[in-house]
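My notebook is open and I'm going to look this one up piece by piece. Here is what I'm working from.

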Amino acid sequence: MALDLDLRTPIAYGWNVFEELNLHVPEGKAMLVLGRGSARALDLESRVRKVLRREIDVFQGVEPNPSVRTVMEGSETIRVSDPKFILAVGGGSVIDAAKFMAVLARHGGEVMDYITGRLTPPDAGYPVYAVPTTPGTSSEITPFSIVTVPEERNKLGLRHPSIYPAKAIVDPELTVSLPRDQTASTGFDILSHAMESYWSRNANPLSRQLCLNSVRLIRKHLKNAYEDGASRPDREGVSLASIFAGLSFSNTGTTICHAISYPITVDTGLPHGMACALSLGPTFELLVEKGADGMEELAECFGSSQDSFREDLIEMMRSMNVPTDLDAIGFKGGAERIMSTNISGFQRNFTLDINSDDVRRIIEDM
Ligand SMILES: [Fe+2]
């Protein structure tokens, strides 16, 4: 049987590749989509205007964990401007939101129409050129867009091959000023993507090698990038880890650690990657206990073993000031709150069967 690995978004990667932005986007008017904090901190609008010789309209203000409202507002701005392409410059939230806006602006409908599958995007709408200023979500190379839906008290996603960005321009230099807490959170998001993709039902030997490489790079570079943000080899290492994890999990999807993280983030505000990392150790141990294959190799890439993986992970999290259990973050809902969200799709995405009692055990073990 053939092994499938869909690598649909071309990637321009390299230190200072942002300075060559002109070479990587089409002619015609751009709609620049920006966030809040990162856009200001990095002065992104003026930096883009300096390097990009195009007419530029701007939609600014995508918040972390972007809301349905922001996505609708942005889509309206894009519809009125009718650009040739969208240039999303920012963290994962900005790129996620831009992908959804692009679909809505061209094809109409509401956010929930696409999330529930009532509508399917026939294509990306407007082509999205994505420049990440944080590693982590890998949104610049995935067919996912995650938005926060207040009525559902959850983060929900659109996953469709038509929303792969038209191109990713990945410049690790843009991540140099990322503060420590965000370096930690985005780094653990990468680790979660790599590990969950590895033990996904949809994994294959091609995707698994990408995951193992990603885990190895995170182990080698994340702590150093956290301690010395200006370290070029370490920022490059983490950016590469994000690309490898993204190429893999855009094919396989994630598993229960992501599903568990969403209500935790919505209720407590704990950053996404930190919320994902909370359940990695318990999930790893459950899979070892159930005899999932390849777990020793996964642990080895983390410089660990099956027996000591969880302890080593906790030590790494503590060293970067990342909470290591649910009590520490004041999450009140317990297993019931998490299991009342729609986790079944994530639960089914394991190499072996994981039932509700298993999920409860993971949560209670966090
Ligand atoms: Fe994630």
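I started at Thr183: which residues is Thr183 in contact with, neighbours within four places in sequence left aside? I found Leu178, Ala225, Tyr226 and Gly229. Contact here is when the C-beta atoms of two residues, placed from the backbone, lie within 7 Å. Thr183 sits in helix 7 (residues 180–198). Helices (H or I, at least four residues) and strands (E, at least two) are DSSP runs, numbered from the N terminus. Leu222 is 39 residues from Thr183 in sequence, yet the two are 7.8 Å apart in space, C-alpha to C-alpha.

Is Thr183 buried or exposed? I'm noting it as buried, because it has 25 C-beta neighbours inside 10 Å. The rule: 20 or more other C-beta atoms within 10 Å of a residue's own make it buried, 12 or fewer exposed, and anything in between partly exposed, with C-beta atoms placed from the backbone.

A reminder to myself: this is a predicted model, where local features need pLDDT of at least 70, side-chain atom pairs count only at pLDDT 80 or more, and totals for chains, interfaces and linings use all residues. Residues are numbered from 1 along each chain as its sequence is written.

Next, the domains. I have domain 1 (11–174) and domain 2 (180–364), with bounds that come from an automatic or database domain assignment. Their centres, taken over C-alpha atoms, are 25 Å apart. I see 18 residues of domain 1 in contact with 22 residues of domain 2. On the domain 1 side that touches domain 2, strand 1 and strand 7 (154–159) each supply at least two residues.

I followed strand 7 a bit. Strand 6 (residues 144–149) runs antiparallel to strand 7, with six bridges joining them. Val147 has Leu156 as its bridge partner in strand 7. The two strands make a hairpin with four residues between them, and Arg153 in the turn has a positive phi of about 50°.

Strand 2 (residues 30–35) and strand 4 (residues 85–90) share five bridges, and Met31 has Ile86 as its bridge partner in strand 4.

What lies across these strands?

Last, the largest nonpolar core, which has 114 residues. Such a core is a set of buried Ala, Val, Leu, Ile, Met, Phe, Trp, Tyr and Cys residues joined through C-beta atoms within 7 Å. Among the members touching the most others are Val33, Ile86 and Ala98. Helix 5 (residues 92–107) gives the most, with ten residues. Domain 1 and domain 2 both give residues to this core, so I place it between them.

Definitions and conventions:
Pairing = 2+ DSSP bridges.
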